[in-house]
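Here are some questions and answers on one protein model. Keep the sequence and the 3D view at hand as you read.

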Amino acid sequence: MSSIPISKEGFAKIKEELAALKKERPEVIKAIAEAREEGDLKENGGYHAARERQGMLEAKINYIESRIPQFNVVDMNTLGGEKITFGATVELENIETGDEKRYIIMGPDESDFKKGIISIESPVGKALLGKMEGDEVVVNAPKGKIEYGIVSVTFNGPISQ
């Protein structure tokens, strides 16, 4: 079982989500009971919808509970250094086009590409890990190989999502 890095703030959000899902359980059970009272279960759309909702809810709860023991909770305020690791903010320049991008390297449970937060398990994240400012990397992206120059590496503490 491998360790999954997550910030303290991200871990707190996961725990809040789990608590909210567990709090929803009684409502789903009540909806199933009410639908069951309506009669014939074969043609009872409300019953089938409630059972499907229960299945999805339990699957999400089980998924989160299975990941919690794997989390390595990291205090973002303690991170630093010259090499790119979890928590680094990285400025990149596409060597071919000159376009610049800024990414924050986080764990898979906190990534949000639209906000520039990428997973250490993504193609770009994997290519960047362990590199330093001034290095060049080749990323095997879905649309082909992209070569980037690393402009800067900083550690800015907790991120707000």
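Helices (H or I, at least four residues) and strands (E, at least two) are DSSP runs, numbered from the N terminus. This is a predicted model: local features need pLDDT of at least 70, side-chain atom pairs count only at pLDDT 80 or more, and totals for chains, interfaces and linings use all residues. Residues are numbered from 1 along each chain as its sequence is written, and side-chain values use heavy atoms, with hydrogens and water left out.

Q: Which element gives the most to the lining of the largest pocket?
A: On a 1 Å grid over the protein atoms alone, a pocket is an open set of points where a 1.4 Å probe fits, with protein on both sides within 12 Å along at least five of seven lines; lining residues have an atom within 4 Å of a point. Here 17 residues line the largest pocket. The top contributor, with three residues, is β5.

Q: Which residues form the covered face of β6?
A: In a regular strand the side chains alternate between the two faces of the sheet. The uncovered face of β6 holds E136, V138 and N140. Its covered face holds V137, V139 and A141.

Q: What is the bridge partner of A141 in β7?
A: Two strands pair if DSSP finds at least two bridges between them. β6 and β7 run antiparallel, joined by six bridges. They form a hairpin with two residues between them. The partner of A141 in β7 is G144.

Q: Why is strand β3 largely enclosed by the rest of the structure?
A: Buried means under 20% relative accessible area, exposed over 50%, partly exposed in between (1.4 Å probe, protein chains only). β3 covers residues 88-94. It is largely enclosed because the number of its seven residues that are buried is five.

Q: How many bridges join β3 to β4?
A: β3 also pairs with β7, antiparallel, through seven bridges. β3 and β4 form a hairpin with five residues between them. In β4, T89 has I104 as its bridge partner. β3 and β4 run antiparallel, and the bridges joining them number five.

Q: Where in α1 does the kink lie?
A: The bend at a residue is the angle between axes fitted to the seven residues ending there and the seven starting there. In α1 the kink is about 30°. It comes shortly before the proline P26, at R25.
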